[in-house]
Each structure stands twice: as structure tokens, then as C-alpha cells.
Amino acid sequence: MIIEIDNGSGFCFGVTTAISKAEQQLKVAGHLYCLGDIVHNSNEVERLGNEGLETITHEQLEQLRDVKVLLRAHGEPPATYETAQRNNITIIDATCPVVLKLQQRIKRTYDTEHNAQIVIYGKRGHAEVLGLVGQTQGTALVIESINEIDKIDFKRDIFLYSQTTKSLQGFKAIVEEIGKRIGQGVKFKSYDTICRSVANRIPQIRQFAQQHELILFVCGHKSSNGRILFEQCLDANPNSHLISNETEIDPSWLVGKEKIGICGATSTPRWLMNRVHDHLQDI
């Protein structure tokens, strides 16, 4: 049996930076607060938790004073920074540069286009989307798919942005549909703000899936980019399975298989894919 790990899978730049900042602080102090899961992978959250990284909620942040708090790569709304300043909290800001730039663009649009609709293609309640909506004081409209496009007022100017980890194909479909429905004389501007760390992996991961008889896609259940990439794997190779760790492997999947591929999301640690590899060898 040949077992291969996809070289293109694993942490993206933003996640790597956030974890590096956390580990640096933990070496110095032995403890650090993190606002929300540092990455949408419970195995990595548990590993860092054992090193002293304590995950907190926004409600708990309100009660803290005179401490250090890490902001993860997903970014935060302005209200979080205001709370930190009010409570004398030192922020270790690990917001991904791609997300930060997107926040700034949305804020500029909100400040200058007073009568326009700001529409965000993203998942409601997702940490990154909450940070983006926060740039508009909660006024931006979030649509999760083309099926929600009727929520848009096509008689008002529209500025369309996207959560960085959404599907490029889905974004283009929304742009096309808005273009068909837009009222005469109405301004419509769309900004492709999808991170290429995800989009560029799609052709490569599809090729990887096609080269193997069985694909084990390793990622956390909360990972948005993981769902997108896994769907691509499944489309390229119907014999693909999504697992969060090696304990979810069904040995019956391996029967008769000679070439198995292991891949993952931008939030999947390399050590976890290695552990899946070793478990397969043990089986």
C-alpha cells in the first residue's frame, strides 16, 4: 500500500503566523488568552491549550483587565479593540493581512458611500464575517449563497465583497446574477476578495484526489475552507472521506486499496496529517 500526504495541504500563512505568535508568547509567559479558537481545528486548539493557550469568548473578554489577549487570523470588529482599550488589555494582533486589507476596504466604502448597500458573500456568524460586518456598524447584508440574492435591493447602489475563504465559483455566480437584475442607473461594484491560498489549492487538490484510489481529507468541522476543498475532492474522487483525526477512519475503506492520499484544509496542522499517515500504516 502506498500512502501519500499532499504537499500543498496544511496551514496557510495567516494561520502559521497566528500560531507562531501564540507559541512565542507561551514560551515567555506560559499562559495566554485567545479570543475564540485560534484555528478551526479542535486537535490544534487542544495541543496549544496544553501549552497554556486559554480560549475565551467575547463575554469573558469584557470581564478581563490588565492581561494579554491574542486576536486570531480571522480578525475582529472595532468593538473588540474598544473593549481592550477600556479594560487595559494588551492586544497581540494576529489578524491575517488579507483579512485586514479587506476590513479596511469595507470601512472605506462604508465611510464614503453613504446610501449604498454593502453586501458580503459569506457565512453568517463566522468569525471573519463578524469582523467584516463590524466595519459597517452592523449594517452590511450577508448572503450565504446565490439562493439568498433576493434579499438585495436592486434599486440601490451595491458594493459586493466576499469572505476570504468562500468559493470563487460561487462568488462569480452571484456577480453574474446581480448584473442581470440591477436597476437602470444603479451603481454596482464587485470586489473579488477571496484568498488565493484557498482558491489556488483547488486545481492541485483535485489532481491529487484523482491520482489516488482513496482520499482522507483531514479538517475541523468548523472550517469553511475545509468544506470547500473537501467538496472539490469528493467531486474529483467520490471515494473521499472527511475526518477530523485518525480515530474516525473506518478500516473497511482500505480494503483493496493500493494508493491512498491524505490532504487537508488551510487550518489543518501537518502533524495531524502525519498522525493519520502513521495510523494507516499501523492498520
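**Notes on the predicted model**

1. Let's start with leucine 102, which sits in helix α5 (residues 97-112); helices here are DSSP runs of H or I with at least four residues, strands are runs of E with at least two, and both are numbered from the N terminus. Leucine 102 counts as buried, at 2% relative accessibility (buried is under 20% relative accessible area, exposed is over 50%, partly exposed is in between, with a 1.4 Å probe and protein chains only).

2. A word on the ground rules: this is a predicted model, where local features need pLDDT of at least 70, side-chain atom pairs count only at pLDDT 80 or more, and totals for chains, interfaces and linings use all residues. Residues are numbered from 1 along each chain as its sequence is written, and side-chain values use heavy atoms, with hydrogens and water left out.

3. Back to leucine 102 and its partners. Setting aside neighbours within four places in sequence, leucine 102 is in contact with Glu128, Leu132, Tyr161, Ser162, Thr164 and Thr193 (contact means heavy atoms within 4.5 Å). Threonine 164 is 62 residues away along the chain, yet the two C-alpha atoms are separated by 8.4 Å.

4. On the cysteines: the structure holds zero disulfides (a disulfide is a pair of cysteine sulfur atoms within 2.5 Å). For cysteine 195, the nearest cysteine sulfur belongs to cysteine 96 and is 5.9 Å away. Cysteine 233 has its closest cysteine sulfur in cysteine 263, at 3.8 Å, which is too far for a bond. Cysteine 195 is buried at 14% relative accessibility, and cysteine 233 is buried with a relative accessible area of 0%.

5. Now helix α9 (residues 201-210), where Arg201, Ile202, Ile205, Phe208 and Ala209 are buried. Looking down the axis of α9, these buried residues fall within an arc of 125°, so they line one face of the helix (the arc is that of the directions from the helix axis to the C-beta atoms). Pro203 and Gln210 are exposed on the other side of α9. As for what the buried residues of α9 pack against, the list is β1 (2-5), α8 (196-199), β10 (214-218), α10 (224-236) and β12 (259-264).

6. Last, a helix pair. The axes of α1 (residues 13-29) and α2 (residues 42-51) come within 10 Å and cross at roughly 20°; axes are lines fitted to C-alpha atoms, for helices over the stretch in contact, and angles run from 0 to 180 degrees between N-to-C directions. From α1, Ile19, Glu23 and Leu26 make the contact, and from α2, Glu44, Arg47, Leu48 and Glu51.
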